[in-house]
Every structure is written in C-alpha cells, then in structure tokens.
Amino acid sequence: MILADESSLRKIAGLGQLDRLALALNDFLSRPNESNAMPVCVFWSDQLPPDQRRLPQSRKLARLVLSDDVEKFASEVKTGDGQILFFNTHLVVSRGGFTQILDEIETQDAPALLISESDIALAREINARLADRMVAMQPDLTSPPDTPGFRKWSYIRDPKEIRAAEKRLFLNTAKTQDGVIARWINRPVSRVVSRWLVRLPFSPNQWTLALMVAPIAGSILLIRGDYLGAAIAAILFQLQSALDGCDGEIARVKYLESDWGHKLDGICDRLATMLLAIGIGVGLSRQPGISDPAGSFYLMEGILTALLIGVSETLLQRSTIEESLARDKVDNAYPNYVRSNQQFFNAGDHLKVWAIKNSGMLFLGERLTSFFVQLTKRDVFNFAFALFILCGRSRWVLHILAAVACGISVMAMRNLLMMVFATQGRPPAASGD
C-alpha cells in the first residue's frame, strides 16, 4: 500500500513521486523469478483534493494491479499471505532500491513497514509511525555509491531536500562497464547536464541523435587539415564522449530504457569513431607540403579504417561474450575470469576477450588483467585520442584506429564463421588462436 499525500505531486528528476514509486516497484517485480502481478493500493490523504488524485498510467506497469479501492485491496490480501508492505510518497527510490529495502524489511533500517492485513484500517497511524522512523534514519545524501552501507533511497521531508535527492538518483546511474575516464571525468560532467535535461521534453533517443552534431562538426574541422581545426575537433569529440552518458542516465532515472535505445547508442558510437577516422585521414592528406603518395595513403587509411570499424563492430554485436565462451572449448582460468567479470565487458568486446585468452596475462594475476580491461575501454581511448590530437599527433590516432580496426575485423570474421558452423551443426576446424 502506498500512502499518498501532497508529496505525490512533487516531480523529482522529471517524474512524479507516485509514478516513480510505482515504476520502481514494477522494476523490482520484473526479475526473472517473479511471474505474478502484485496488487497495489493507493491510500489518498484527506489533505489531497479529489481532483489531484491520479493513479499512474504508464504502460510499463505490467507487474502491478493498481487501484485506490481500499476495501477491494483488503479482500485480495486476505486470499494471499495476509501481509501488507506500507510506504509513502515521501520515499525516493533509486534503481535497485526495492531489493535493498525488502532485504532489510525485518530490521529498523528499512523505509517501509510490513503490517498484518488486519491493521489495514490503521493506515494513518502507520504513516505516522513510518514518518517517525524516517526522521531517525535519514541517510547521508552526499555519500557516493561505493560507500559501505550506501542506501539506494532517500526520504523527502521538505521540498528543499529535492535537489539532494535528485543528485542521489543520478549517482546511482553509473554502468559497471564505465572505464576510469568515464568514472572520474565523464560521469561528473554528464550528470550535471542530465539533471538539467531531465526537466525538458527530451527523450533519451532524441538526445543521442542531437549529440551527433558534435562528431559531425568535429570531422568537418579535421578535414581542414590545420592544427586549430584539429584542436577544436578534439574538444568536440571528447565532449561527445562525456555527454554520451546522458541518454543512459535519463533513461535509467525515468525508466525509459529500451532495446532500440541501446542499439541506437551503439550505432552513434560507431558513427562517431568512423567520422573521426575519415576526418583525420582527409585532414592529413590535405596538410601543406605533404607528398602525393603520403596524402593518398592517409586518405585511404582513413576511409578503409572507417569501413572496417563500421562493418566489423556491427557483426560483433550479433553475438554476446557468453555465446563466444560457449563456443570456445577451453578449460583454463580464462573463461572463469571472463564470466565472473562479465558485467565489466561490453557486448562487442570480443577482441579484448581474445587478447586475455591468448596473451597469458592471467598468469600475472587478475588485478593486472582487470587493469588491462580498464585501460582498453572506449572512454579511455577517446580521451587519449583527444590528447594526441591536441599534441599534434593526429597520425598516431589514425594508426591506432587502423590497427584496432584490423583486429576487430579478424574477430568479426571468426565469430561469423563460428556462428555459421554452429547453425549448420558442424564444429569449425581447430584454430591456433
């Protein structure tokens, strides 16, 4: 039961409080081991005028049966386990917050109460008890997510606390795949922008497309072939890399994730890298004093690198890391390490996994291997590329991109062949990799 008073009308990070609680609860119930829809009753406060009482209407709430009929809800509870979970609309829950709340529900550390169905008529008294508990246990809203005992919720007693609660919501939007640059440079920037964007009628996908202006403008500046254009382009590409996290942050805070949004983000990332390669290649070929053979080489290197990246990364996205591990008949520490750390890999990181498998770096320890994984993240590469260009070493960026493009192309063809053989029911010939 959700006890809703005037706080249900507050918008925090672009969502009304009642809608956020319903979506958070639905998200919790969407776990693989949950199948039944849960009855949820909204108990309106007398202080909330009838014309302001509105039940959440999102199509995403497939796991909830929402109503404000208390008598009907009480009769449904009696046919179940006879217990009711009470919380109110002052509670702001981050992603995954209900898992933490229900794990602690039997203690005094949970911002909710588990009450016998016979006490449903005491909703107002229960709300007072709940408010008293929250005053005593309000978490530190400034603590980072990696702090021991970090709570994925906050309790808003006064509208002045909304800003701190919003900041806390965005602190919980980082991805496990974030590299060191994303964690310490890009995320602090993108969260500030996201907290502003979330108030605008922007969808995450619209922001993804709008942000492509930066790499397009950057590639045009690179084509000029002079240092000033290249320096401004480097800043634009790094800005795109930093703000690329905004779409995901907005989607996770407003429960707007979609498969299409994930695919669109990957497509735009590939296009940005392709534009970088083409821009550098054309720009180097146009530099004053460069010979015709060298200029033609840079031009072809940029175009071929872009094509290889576009095609091979698209092919690699067709199979997951887990599928590649299943096809590899290897009995050593490598598959165990990759599976236990799979949350740190992106879907197309097959080249990285291949390097771990064949380099033998696991013999040097998992810490060194994890350092390699962090060092080869896209955000780290993008930041290094920007520094190289600012230092007048654009050709280094092009050569690195060309080498990586060749590597992922080989992995893409290998994966494609293995998928074809698997479809035909024939194992591929043993390879020496």
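Trp396 is partly exposed, with a relative accessibility of 42%; the class covers values between buried (under 20% relative accessible area) and exposed (over 50%), with a 1.4 Å probe and protein chains only. This is a predicted model, in which local features need pLDDT of at least 70 and side-chain atom pairs pLDDT 80 or more, while totals for chains, interfaces and linings use all residues. Residues are numbered from 1 along each chain as its sequence is written, and side-chain values use heavy atoms, without hydrogens and water.

The structure holds 5 aromatic pairs, meaning rings of Phe, Tyr and Trp (its six-membered ring) with centres within 6.5 Å; planes under 30 degrees apart are stacked, over 60 edge-to-face, and the rest tilted. Phe388 and Trp396 form an edge-to-face pair, because their planes stand at 75° with the ring centres 5.6 Å apart. The charged end of Arg393 sits over the ring of Trp396 (CZ of Arg or NZ of Lys within 6 Å of the ring centre and within 35 degrees of the ring normal).

| Residue | Relative accessible area |
|---|---|
| Phe388 | 26%, partly exposed |
| Trp396 | 42%, partly exposed |

The chain has 18 helices and 9 strands, taken as DSSP runs (helices H or I, at least four residues; strands E, at least two) numbered from the N terminus. Buried residues make up 48% of its 433 residues.

Of the contacts (heavy atoms within 4.5 Å) in the chain with a separation of 6 or more, 74% join residues 24 or more positions apart.
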